[in-house]
Amino acid sequence: MNNRFRFRSFLIILILFAISFFYHLPFYVSQPGIAKELEPIIHVEGGNDAKGALMLTTVRMGKANIYSYLLAKWSEYQEIYPEHLIRGEDETEEEYSVRQLQMMEGSKDAAIMNAYKAAGKKMKVKYGGVYVVNVLEGMPAEEKLKPGDRISEIDGIKFTSSKQFMEYIAKKQEGKTVSVTFTRDDTKMTERIMLKPLKGTGKIGIGITLVDDRKITTDPPVTIDTDQIGGPSAGLMFSLEIYNQLMEEDITKGYKIAGTGTINENGEVGPIGGIEQKIIAADKSGADIFLAPNENGAKDSNYQAAVKTAKDIGSDMKIIPVDSFKEALDFLHTLKPR
């Protein structure tokens, strides 16, 4: 009898543990990820090797269960984020994943454009429209469009950027409809979608967020293999690695250089989340230098948080503030070779 009771009790506890382990709370937990060398994943045909290394840094982000939530509560360098701060309002996991991967694609495009321009190399940019990365619940596009759809025309007009798309829509009136031509799974489709004020902003729209669809042809060719890495935060480091392979001079000068920051077509470096965790990842990898977004000297910038974290963990890394791709290059050109 006692053995049977113990077995049943153990089984109940095991089932409850399994349920609690797989039951997700409305939070995300981030923790230090890795610092990954970029030379193995970026290849410029005929490119030059580096004596040192340029590295992207990552954070590990996942939905919280009760155990990861409690662990993060007691950990100094794990962060807990309410779900709505990570995923957009009414955004599904699928839409979030698509958005992250599309932002990574946009980041790679901007990195290539900056690096080839700075290196004086040839490139051609062909615009194919815009990608849908998120569809807002309750908005007119909800029943018509899906994340991953590529919009090529509005009212028969072709657009070369998401900016032009939004400027065109903004001139329309609430209640009017627009003809949206898009491609889904290699099938071209057209739908009429009504315009409606967007939640929060009141601006007229159909209820989607977008990224540009560009095809860049370069000479020499370049490939970037990011697998399932998502988000735009590696843009700056992508740019530097591509540039380094294009040029005879090795800008690493034998150092291990980590960093983070978004980058746009104009070479401007933007802030990212999880800078503290990325500093820890870079320090564990033995990085000598870390490039951090300066946010034009803001008191609460990524750079300031990076300096504080490096000091707290006793890191010897040199933290460098940057606001642009050019500033990062200028700093690296001043390094004395090891």
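Student: What makes β8 and β9 a pair of strands?

Tutor: Strand β8 (residues 177-184) and strand β9 (residues 187-194) are joined by eight bridges in the antiparallel sense. Pairing needs at least two bridges, so the two strands count as paired. This is a predicted model.

Student: Which residue of β9 is the bridge partner of Thr183?

Tutor: Lys188 in β9 is the bridge partner of Thr183.

Student: How many residues lie between β8 and β9 in the hairpin?

Tutor: Two residues lie between them. Asp185, in the turn, has a positive phi of about 50 degrees. Asp186 is found in the loop between β8 and β9. Asp186 also has a positive phi, about 70 degrees, although it is not a glycine.

Student: Why is Asp186 called exposed?

Tutor: Its relative accessible area is 80%. Exposed means over 50%, so Asp186 qualifies.

Student: Where is Asn296, and what is its phi?

Tutor: Asn296 is found in the loop between β17 (289-293) and α8 (302-312). Its phi is positive, about 55 degrees, and Asn296 is not a glycine.

Student: Why does Asn296 count as exposed?

Tutor: Its relative accessibility is 69%. The cut-off is over 50%, so Asn296 counts as exposed.

Student: What makes β1 a partner of both β3 and β4?

Tutor: Take the bridges in turn. Strand β1 (residues 27-37) and strand β4 (residues 79-82) run antiparallel and are joined by four bridges. β1 also pairs with strand β3 (residues 53-63), in the antiparallel sense, over eight bridges.

Student: Which residues stand opposite Val29?

Tutor: In β4, Ile80 stands opposite Val29. In β3, Gly62 does.

Student: How do you know that the length of helix α6 agrees with its residue count?

Tutor: Helix α6 (residues 235-246) has 12 residues.

Student: Why is α6 called mostly covered?

Tutor: 12 of its 12 residues are buried. Among them are Gly235, Phe238, Glu241 and Leu246. Buried means under 20% relative accessible area.

Student: Why is α7 called largely enclosed?

Tutor: Seven of the 10 residues of helix α7 (residues 275-284) are buried, so the rest of the structure largely encloses the helix. The buried residues include Ile275, Lys278, Ile280 and Ala282. Just after α7, Gly286 takes a positive phi of about 85 degrees.

Student: Why is Gly106 called buried?

Tutor: Its relative accessible area is 19%. The limit is under 20%, so Gly106 counts as buried. Gly106 is found in helix α4. Gly106 and Gly231 are 125 residues apart along the chain, and 9.1 Å separates their C-alpha atoms.

Student: Which residues are closest to the centre of the second largest pocket?

Tutor: The second largest pocket has a volume of about 460 Å³. Of its 19 lining residues, Gly106, Asp212, Arg214, Ile263 and Asn264 are the closest to its centre.

Student: Which element gives the most to the lining of the second largest pocket?

Tutor: α4 gives the most, with five residues. The elements that each supply at least two lining residues are α4 (93-119), α5 (162-170), β12 (208-219) and β15 (262-263).

Student: What joins Asp219 and Pro220?

Tutor: A cis peptide bond, with omega about 5 degrees. Pro220 is in the loop between β12 and β13 (222-224).

Student: How many helices and strands are there in the protein?

Tutor: There are nine helices and 18 strands. Buried residues make up 46% of the 338 residues. The protein exposes about 18,500 Å², and carbon and sulfur atoms supply 53% of that area.

Student: What share of the contacts with a separation of 6 or more joins residues 24 or more positions apart?

Tutor: Such residues account for 74% of those contacts.

How values were computed. Residues numbered from 1 in each chain as written. Predicted model: local features only at pLDDT ≥ 70, side-chain atom pairs only at ≥ 80, totals over all residues. Heavy atoms only, no water. Expected span 1.5 Å × (residues − 1). Buried < 20%, exposed > 50% of the residue type's maximum accessible area, 1.4 Å probe, protein only. Contact = heavy atoms within 4.5 Å. Areas by Shrake-Rupley, 256 points an atom, 1.4 Å probe, with all protein chains shown as cover. 1 Å grid on protein atoms, 1.4 Å probe; cavity = no way out; pocket = protein on both sides within 12 Å on 5 of 7 lines; lining within 4 Å. Points joined across faces, edges and corners; volume = space filled by probe spheres on them.
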